[in-house]
Amino acid sequence: MLKAIYPGSFDPVTYGHLDMIGRSAKMVDELIVGVLNNKAKSPLFSVKERVRMLEEVTKDLPNVKVLPFEGLLVDFARETGADMVIRGLRAITDFEYELQMAQTNHKLDPSVETVFLTTNLKYSYLSSTIVKEVAAFGGDISQFVPAYISECVEEKIKQKRRV
């Protein structure tokens, strides 16, 4: 059984992420979407909220499981029994960073292989940061994220403004 991890912060999950999840799920028996709790960042959504949102938008993919994690990706891979890590590449700058991370992970645990998938061209510009910026200024994010995610983002931004 081939098991892979597609890790990220997914703050929020975008159509680009969902494209990568769908394509990756077709390549493996089980795909674990690993939701990173990165203490160096201040995310819009908590890890619990991001897991819940991902579970909702991937519910039609039977071989996809969404799990939170923190710490080293190689430790998470070992804990889940994953054979490989799947990473998306939008641009050459992504490749430089991702190659460095893949090499570091391989040095930490030679059994962890990384597979790179290029993003669909129609999502190559898209990032969670862009989605949050557009939403923060009242822009329409419906072309970047599913309706459910758009509602979650808009509600969270309203909550933050009230505070």
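Start by selecting strand β4, residues 84-89. Strands (E, at least two residues) and helices (H or I, at least four) are DSSP runs, numbered from the N terminus. All 6 of the 6 residues of β4 are buried, so the strand is largely enclosed by the rest of the structure. Buried here means under 20% relative accessible area, exposed means over 50%, and partly exposed lies in between, with a 1.4 Å probe and protein chains only. Show the side chains: Met84, Ile86 and Gly88 are buried on one side of β4, and Val85, Arg87 and Leu89 are buried on the other. In a regular strand the side chains alternate between the two faces of the sheet.

This is a predicted model, in which local features need pLDDT of at least 70 and side-chain atom pairs count only at pLDDT 80 or more, while totals for chains, interfaces and linings use all residues. Residues are numbered from 1 along each chain as its sequence is written, and side-chain values use heavy atoms, with hydrogens and water left out.

**The sheet**

Now select the strands that go with β4. Five strands form an open sheet in the order β3-β2-β1-β4-β5, with parallel pairing. Two strands pair if DSSP finds at least two bridges between them. The edges are β3 (64-69) and β5 (113-118), each of which pairs on one side only. Neighbouring strands of this sheet are turned by 30° against each other on average, direction ignored. Axes are lines fitted to C-alpha atoms, for helices over the stretch in contact, and angles run from 0 to 180 degrees between N-to-C directions.

Go through the pairs one by one:

- β4 and β5 run parallel and are joined by 6 bridges; Ile86 has Val115 in β5 as its bridge partner.
- β1 and β4 pair in the parallel sense over 2 bridges; here Ala4 stands opposite Met84 in β4.
- β1 and β2 run parallel, with 6 bridges between them; Ala4 also stands opposite Leu31 in β2.
- β2 (residues 30-36) and β3 run parallel and are joined by 6 bridges; the partner of Leu36 in β3 is Phe69.

While β2 is selected, colour it by accessibility: 6 of its 7 residues are buried.

**Helices on the sheet**

Select α1, residues 15-27. This helix lies across β1 (3-8), β2, β3, β4 and β5, and runs at about 125° to β5. Next select α3 (residues 73-80), which packs on the sheet, touches β1, β2, β3 and β4, and makes about 145° with the direction of β1. Contact means heavy atoms within 4.5 Å.

Return to α1 and pick Lys26, which lies in this helix. Is Lys26 buried or exposed? At 75% relative accessibility, Lys26 counts as exposed.

For a contrast, pick Glu98 in helix α4 (residues 92-108). Glu98 counts as buried, at 8% relative accessibility. Leaving out residues up to four places away in sequence, Glu98 touches Arg87, Gly88, Leu89 and Phe116.

**The loop between β1 and α1**

Select Phe10, in the loop between β1 and α1. Phi of Phe10 is near 50°, a positive value in a residue other than glycine. At 2% relative accessibility, Phe10 counts as buried. Then move to the bond between Asp11 and Pro12, which is a cis peptide bond with omega of about 0°. Pro12 lies in the loop between β1 and α1. Most residues other than glycine have a negative phi, and most peptide bonds are trans.

**Helix α6 and its partners**

Select α5 (residues 128-136) and α6 (residues 147-162), which pack at an angle of about 60° with their axes 10 Å apart. That makes α5 oblique to α6; angles under 35 degrees count as roughly parallel, over 145 as roughly antiparallel, 65 to 115 as roughly perpendicular and the rest as oblique. The contact is made by Lys132, Ala135 and Ala136 of α5 and Val153, Ile157 and Arg161 of α6.

To see the contact, show Glu49, Arg52, Met53, Glu56 and Val57 of α2 with Tyr148, Ile149, Cys152 and Lys156 of α6.
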